[in-house]
Amino acid sequence: MCTLTHLFENNQRWSTALQKQDPEFFLKLSKLQTPRYLWIGCSDSRVPANEVTGLLPGELFVHRNVGNVVVPTDLNCLSVIQYAVDVLKVKDIIVCGHYGCGGVRAAWDGARLGLIDNWLRHIQDVVQEHEVQFKQIQDDSKGFERLCELNVIEQALNVCQTTIVKDAWGRGEPLTVHAWIYDLRDGLLKDLGLCVSRAVDAIAVYRKIVQ
Ligand code: CO
């Protein structure tokens, strides 16, 4: 038999524990999901979206990729955003990166890892965009930390600039885009100060926090 028995055992315990608190929990969820939040984060196994935010199944719609990158030609990510905004009517989109990100590190070092190098090019664009700022940072680890932050801010701005979010704002729908970063060393989230609820605010807020 080719099964990961211990994972099925874990699953059994998890399901039992949740149903102990609320016998109808899975039944209610199976009929409808009404998450308030969309999380766009890194695939890193150390940053599990639901756990770090203390949210239950049904409360968080999630998209994760290496380096929490949002590219306007990525049909996968765009479809998640469109479904979340237009169908599920989420109120908040959280782009969350993390310090010590392997994808950001590889982009920072210009490492050659394979196909993924092409994906990480988008993070190298962030370095180029903020070249002046990075030249002023002498310490390599500080530069890397700053890139982890600036990458989140850039990707959050990309979310603000999708046609999906702009159209939702145009219709007057309540929708806020956030940029957060998670610290692997203490398990804490930090708000990077980008919190945009109107198209007209996006660039001004962005400029204020990227300096
Ligand atoms: Co990462």
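This is a predicted model: local features need pLDDT of at least 70, side-chain atom pairs count only at pLDDT 80 or more; totals for chains, interfaces and linings use all residues.
Residues are numbered from 1 along each chain as its sequence is written, and side-chain values rest on heavy atoms, without hydrogens and water. Local features need pLDDT of at least 70 and side-chain atom pairs count only at pLDDT 80 or more, whereas totals for chains, interfaces and linings use all residues.

View 1. Cys42 (SG), His98 (NE2) and Cys101 (SG) are the protein donors, lying 2.0 to 2.3 Å from the cobalt ion. Donors are N, O and S atoms within 2.8 Å of the metal (3.2 Å for Na, K and Ca); water is not among the atoms, so sites may look incomplete. Along the chain, the donors follow the spacing C-x55-H-x2-C. Cys42 in strand 1 (residues 37-42) and His98 in strand 3 (residues 92-98) are 56 residues apart and link distant parts of the chain; strands are DSSP runs of E, at least two residues long, numbered from the N terminus, and helices are runs of H or I of at least four.

**View 2. Buried cysteines.** Cys42 counts as buried because its relative accessibility is 6%; buried means under 20% relative accessible area, exposed over 50% and partly exposed in between (1.4 Å probe, protein chains only). Cys148 is also buried, at 2%. A disulfide is a pair of cysteine sulfur atoms within 2.5 Å, and the count by this rule is zero. Cys148 is in no disulfide, as the nearest cysteine sulfur, that of Cys101, is 5.9 Å away.

**View 3. The contact of helix 4 and helix 9.** Contact, meaning heavy atoms within 4.5 Å, involves Leu78, Ile81, Gln82, Val85 and Asp86 of helix 4 and Ile164, Val165 and Ala168 of helix 9.
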